[in-house]
Amino acid sequence: TQASGGTSIGTTPLSVSPTTTTTYYVEADDNNNPGCVSARGSVTVTVVQPPANVGAISGPTAPCVGASNYSISAVNGATSYSWAVSGGGNVTSTTTSATVNWTTAGGPYTITVTATNSCGNKTATLAVNVLGSVANVNATASPNPACAGGTLTLTGAGDNVSTWSWSGPGSFTAATQNASRPNLTVAHSGAYTLTASNSCNSLTS
């Protein structure tokens with residue numbers, strides 16, 4: 001019943017299904033002596049809801065090999081958090097934030113965060129593809145030496161490259177892996193440089 005007055009909700013034993021924290025009161029009635037009622041006792045039932053849904057994980061989805069930081073907003077009702085990665089690295093977490101040390105390029109790898117309390121858990125995931133560093137960059141020019149009036153063909157090679165940039169004598173530039181320079185003159189003699197880049201690093205040849 002209520003703390004004072006109120007209507008009986010049953011006799012003992014009594015099964016209840018509260019959805020929020022609720023205080024129940026109990027009293028003993030002497031059926032042989034109407035009006036003879038004991039003092040009321042009480043018990044408070046604490047209801048814990050499972051954690052709320054976990055929000056989106058913030059952090060890079062195309063990181064470089066090395067350390068990257070990830071985080072979520074605090075989850076209502078959560079008492080602990082755990083982080084995991086499916087591969088490609090290892091994770092160190094501090095509640096709503098984590099640092100992943102990516103060791104292996106590739107993917108997709110999955111970051112998972114789980115928010116937990118005594119009544120359940122909720123999770124969120126993020127797919128990640130780890131970029132490798134630019135490596136093995138090489139540039140060649142053909143023919144070399146070249147004849148005046150001819151065409152010079154420049155060829156680039158490299159691993160994990162997303163951007164190519166050539167430069168050379170006479171303000172020559174090109175933004176493709178392979179390039180050509182027609183109508184050669186003596187002024188076009190000299191060093192041609194290839195820069196290969198991605199968001200992690202760049203190398204020249």
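This is a predicted model: local features need pLDDT of at least 70, side-chain atom pairs count only at pLDDT 80 or more; totals for chains, interfaces and linings use all residues.
Cys64 has a relative accessibility of 23%, so it counts as partly exposed. The burial cut-off is under 20% relative accessible area.

Cys64 is bonded to Cys200 in a disulfide, with the two sulfur atoms 2.0 Å apart. Cys200 has a relative accessibility of 25%, so it too counts as partly exposed. The angle about the S-S bond is -105 degrees, and the link of Cys64 and Cys200 is left-handed. Where do the two ends sit? Cys64 is in the loop between strand 2 (41-45) and strand 3 (66-71), while Cys200 is in the loop between strand 14 (193-197) and strand 15 (202-204). The pair therefore ties together parts that are 136 residues apart in sequence. A search of the whole structure finds one disulfide. Two further cysteines are worth a look. Cys119 is partly exposed, at 42% relative accessibility. Cys147 is exposed, because its relative accessible area is 59% and the cut-off for exposed is over 50%.

Now step back to the whole chain. The protein chain has 15 strands and zero helices. Is the chain compact or spread out? The radius of gyration is 35 Å, well over the 17 Å that the globule rule gives for 205 residues, so the chain is more spread out than a compact globule. Along the principal axes, the C-alpha atoms fill a box of roughly 125 × 25 × 20 Å. Of the 205 residues in the chain, 23% are buried.

Next come the aromatic rings. The whole structure holds three aromatic pairs. One of them joins Trp102 and Tyr109. Their ring centres are 5.9 Å apart and their planes meet at 20 degrees, so this pair is stacked. The stacking cut-off is planes under 30 degrees apart. Trp102 and Tyr109 are both buried. Phe172 and Tyr192 form another pair, this one edge-to-face, with 5.7 Å from centre to centre and 70 degrees between the planes. This pair links distant parts of the chain. Phe172 is in strand 12 (residues 172-174), and Tyr192 is in the loop between strand 13 (179-181) and strand 14, 20 residues apart. Phe172 and Tyr192 are both buried. Ring pairs also bring Tyr70 into a cluster with Trp102 and Tyr109.

Tyr192 leads on to a pocket. Which residues lie nearest the centre of the second largest pocket? They are Asn144, Leu152, His188, Ser189 and Tyr192, out of a lining of 18 residues. The volume of this pocket is about 320 Å³. Strand 9 (135-142) and strand 10 (152-159) each supply at least two lining residues. Strand 9 gives the most, with three residues.

Most residues other than glycine have a negative phi, and most peptide bonds are trans. The bond that joins Asn144 and Pro145 is cis, with omega about 10 degrees. Pro145 is in the loop between strand 9 and strand 10. A cis peptide bond also runs from Gly107 to Pro108, with omega near 5 degrees. Pro108 is placed within a strand, namely strand 7 (residues 106-117).

Two residues other than glycine have a positive phi to check. For Thr95, phi is near 55 degrees, a positive value. Thr95 is in the loop between strand 5 (89-94) and strand 6 (97-102). Thr95 is exposed, because its relative accessible area is 51%. For Asn160, phi is near 60 degrees, again a positive value. Asn160 is in the loop between strand 10 and strand 11 (163-168). At 44% relative accessibility, Asn160 is partly exposed.

Notes: Residues are numbered from 1 along each chain as its sequence is written. Side-chain values use heavy atoms; hydrogens and water are left out. On a 1 Å grid over the protein atoms alone, a cavity is a set of points where a 1.4 Å probe fits but cannot get out, and a pocket is an open set with protein on both sides within 12 Å along at least five of seven lines; lining residues have an atom within 4 Å of a point. Grid points are joined across faces, edges and corners, and a volume is the space filled by probe spheres set on the points. Helices (H or I, at least four residues) and strands (E, at least two) are DSSP runs, numbered from the N terminus. A disulfide is a pair of cysteine sulfur atoms within 2.5 Å. Buried means under 20% relative accessible area, exposed over 50%, partly exposed in between (1.4 Å probe, protein chains only). Rings of Phe, Tyr and Trp (its six-membered ring) pair if their centres lie within 6.5 Å; planes under 30 degrees apart count as stacked, over 60 as edge-to-face and the rest as tilted. The radius of gyration is taken over C-alpha atoms; the globule rule is 2.2 Å times the number of residues to the power 0.38.
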